[in-house]
Amino acid sequence: MLGILGLFVWMLFRPNAPAPWKILALILLFALEPFSVAVLNAGDRACPLKYDWILQSIDQSLGFTAFQFARLLSAADNRFLFEVYQSLSAAMIVWYGIHVSIRQGQPRKLLYAYLATFLAGPCLYLIVPAIGPRHAFALFPMVDPVVTPVPVVWKGWPNAMPSLHLATAFLL
């Protein structure tokens, strides 16, 4: 909300600048959350079997699991990483704003990259539907689960494989 307020103030003092309008359009694009939720709910209904247990057994065979990594972090580290994880949309908007405002920026290409990533990602979620260790295993990260590598019926949005957060970080 503060970002939108800041854009309105910017537009008030620079009414002919095209950049604020483009940034505001991008923010409104992210406001289409109800549509996104409907798509994710459809993905959950289409793929009730989740592959978290198979992915966990692959992690265990590699010798270092997400559980072990998460236990290396302090509570403050976990809070910081969660805040970074939650701020991805804001980072995308800021990066787009930078591309709009700099001379050699390519905001159109960046917008197309965002669009391609967010159209392809949910489709790829349906290939290996998983919900991630935090949601699939109640004791994450305290105890490594003993799992049988089988798909499990689990209610939740498939959102783990591939990681759109990682894909977007590569775009940024």
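Modeller: From the N terminus, the elements of this chain run α-α-α-β-α-α-α-α-α-α-β-α, which comes to 10 helices and two strands. Helices here are DSSP runs of H or I with at least four residues, strands are runs of E with at least two, and both are numbered from the N terminus. The model is predicted, so local features need pLDDT of at least 70 and side-chain atom pairs pLDDT 80 or more, while totals for chains, interfaces and linings use all residues. Residues are numbered from 1 along each chain as its sequence is written, and side-chain values use heavy atoms, leaving out hydrogens and water.

Biologist: Why is the pair of Phe67 and Phe137 called edge-to-face?

Modeller: Their centres are 5.6 Å apart and the planes sit at 65 degrees, so the pair is edge-to-face.

Biologist: And what makes this pair a tie between parts of the chain?

Modeller: Phe67 is in helix α5 (residues 66–72) and Phe137 in the loop between α9 (133–136) and β2 (152–153), so the pair ties together parts 70 residues apart in sequence.

Biologist: What about Phe67 and Phe140, why does that pair get its label?

Modeller: Phe67 and Phe140 are 4.8 Å centre to centre with 75 degrees between the planes, which makes them edge-to-face too. Phe140 is in the loop between α9 and β2 and Phe67 in α5, so this pair ties together parts 73 residues apart in sequence. Trp53, Phe67, Phe137 and Phe140 form one aromatic cluster.

Biologist: Why is Phe67 called buried, and why is Phe140 called partly exposed?

Modeller: Buried means under 20% relative accessible area, exposed over 50%, and partly exposed in between (1.4 Å probe, protein chains only). Phe67 has 0%, so Phe67 is buried; Phe140 has 23%, so Phe140 is partly exposed.

Biologist: Then why does Leu72 count as exposed?

Modeller: Leu72, found in helix α5, has a relative accessible area of 63%, so Leu72 is exposed. Over the chain, 27% of the 172 residues count as buried.

Biologist: What share of the contacts in the chain with a separation of 6 or more joins residues 24 or more positions apart?

Modeller: With contact meaning heavy atoms within 4.5 Å, that share is 76%.

Technical notes. Rings of Phe, Tyr and Trp (its six-membered ring) pair if their centres lie within 6.5 Å; planes under 30 degrees apart count as stacked, over 60 as edge-to-face and the rest as tilted.
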